[in-house]
Amino acid sequence: MKVRMNLKQNNADKFMDGVIEKYHFNKENKSEMTEIYNKLVETAEPLAAYKINQKVTGVKIIDDSQAAIVCMTMGKGPDELKDAYTKNKELDKAYILDCISNELLMNMYVEFNKMYARFHRRYVKRYVFIGDEISTEKIPGLLDEIKGNASYNVEIGSMDMVDEPIVQDGFIASANKYGVLTPTKSVVFYALLTENPNQTCEGICDNCNNKNCENNPLYIEENIEE
């Protein structure tokens, strides 16, 4: 299944304040940063493609759970915009773009979790990232696995579904034999699923407020046996 996603933030002003604080920018840069954010949202093509995992991975936590293998990307727009800044020797803008892109990609996890629950009545409870339990060199094969899934597009918001096979050439992302992804603002991961809405993952742990989640370092630290 291939899904169009949305990068535009409901509160762009608050989002930019968060980027400024996290990456230690000066508040005087906010106007310029907002302009870069707007260009990024305009040129990006955020998508997610996924299918239910039907193979034995050798990783117990995946094999013991229902899981989806997911590729998520912001498209080639961020790379092209960064290249343009770099060629013009606007390295400060290229760095700002990287920081904003990273935060938007983090927010895509949250959107993916909500989208998956909306369409499938299953909830993402945990991520398993490639490079942790599974070698990055397996990424090309994982992308091939997702590509082989004839599917359809879903327009988030309008719920407009159109039958359309995933195109083999020009797929949303590709990888070399070492697992380096193109476009660069792309990720591949396993989403572990549950039918229990109370186990829903809020997103990447660094941005998570759920201290009762077993994946959150705060939970682990507070529950270590003396």
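Tutor: Happy to. A residue counts as exposed when its relative accessible area is over 50%, as buried when it is under 20%, and as partly exposed in between. Keep in mind that this is a predicted model.

Student: OK, so is K89 buried or exposed?

Tutor: K89 counts as exposed, because its relative accessibility is 73%. K89 sits in the loop between α4 (77–87) and α5.

Student: And what about phi of K89?

Tutor: Phi of K89 is positive, near 60 degrees, and K89 is not a glycine. That is worth a remark because most residues other than glycine have a negative phi.

Student: Which loop holds R121, and what is its phi?

Tutor: R121 is in the loop between α5 and β4 (123–129). Phi of R121 is positive too, near 55 degrees. R121 counts as exposed, since its relative accessibility is 61%.

Student: Let's zoom out. How many helices and strands does the chain have?

Tutor: The chain has seven helices and nine strands. It runs to 226 residues, and 45% of them count as buried.

Student: What about the accessible surface of the chain?

Tutor: It comes to about 13,000 Å², and carbon and sulfur atoms account for 46% of that.

Student: And what share of the contacts joins residues at least 24 apart?

Tutor: If you take contacts between residues at least 6 apart in sequence, 75% of them join residues at least 24 apart.

Student: Nice. Now helix α1: which residues are buried there?

Tutor: Helix α1 covers residues 12–22, and F15, M16, V19 and I20 are buried in it. These residues span an arc of only 140 degrees around the axis, so they lie on the same side of α1.

Student: What do those buried residues pack against?

Tutor: The buried residues of α1 pack against α2 (30–43) and α5 (91–120).

Student: And which exposed residues are on the face turned away?

Tutor: K14 and E21 are the exposed residues carried by the face of α1 turned away from its buried side.

Student: What follows α1?

Tutor: H24 follows α1, and H24 has a positive phi, near 60 degrees.

Student: Which strands pair with β2, then?

Tutor: β1 (residues 2–4) is joined to β2 by three bridges, and the two run antiparallel. V3 has A48 of β2 as its bridge partner. β2 also pairs with β3 (residues 67–73), over six bridges and again in the antiparallel sense. In that pairing, I52 stands opposite A68 of β3.

Student: Last topic: how many salt bridges does a search of the whole structure find?

Tutor: The search finds ten salt bridges. One of them links D13 and K30, whose closest N and O atoms are 2.6 Å apart. D13 is in helix α1 and K30 in helix α2, so this pair ties together parts that are 17 residues apart in sequence. D13 counts as partly exposed, at 45% relative accessibility.

Student: What about K39 and its partner?

Tutor: K39 forms a salt bridge with E35, and there the closest N and O atoms are 3.8 Å apart. Both residues lie in helix α2, four residues apart, which is about one turn of the helix. K39 is partly exposed at 34% relative accessible area, and E35 is partly exposed at 44%.

Student: And how do D64 and K60 meet?

Tutor: The side chains of D64 and K60 form a salt bridge, at 2.7 Å from N to O. D64 is exposed, with 54% relative accessible area, and K60 counts as exposed at 61% relative accessibility.

Student: Which residues are joined into one network?

Tutor: D13, D17 and K30 are, through salt bridges that share partners.

Notes. Residues are numbered from 1 along each chain as its sequence is written. This is a predicted model: local features need pLDDT of at least 70, side-chain atom pairs count only at pLDDT 80 or more; totals for chains, interfaces and linings use all residues. Side-chain values use heavy atoms; hydrogens and water are left out. Buried means under 20% relative accessible area, exposed over 50%, partly exposed in between (1.4 Å probe, protein chains only). Contact means heavy atoms within 4.5 Å. Accessible areas come from the Shrake-Rupley method with a 1.4 Å probe; for residues, only the protein chains shown count as cover. The arc is that of the directions from the helix axis to the C-beta atoms. Two strands pair if DSSP finds at least two bridges between them. A salt bridge is a side-chain nitrogen of Lys or Arg within 4 Å of a carboxyl oxygen of Asp or Glu.
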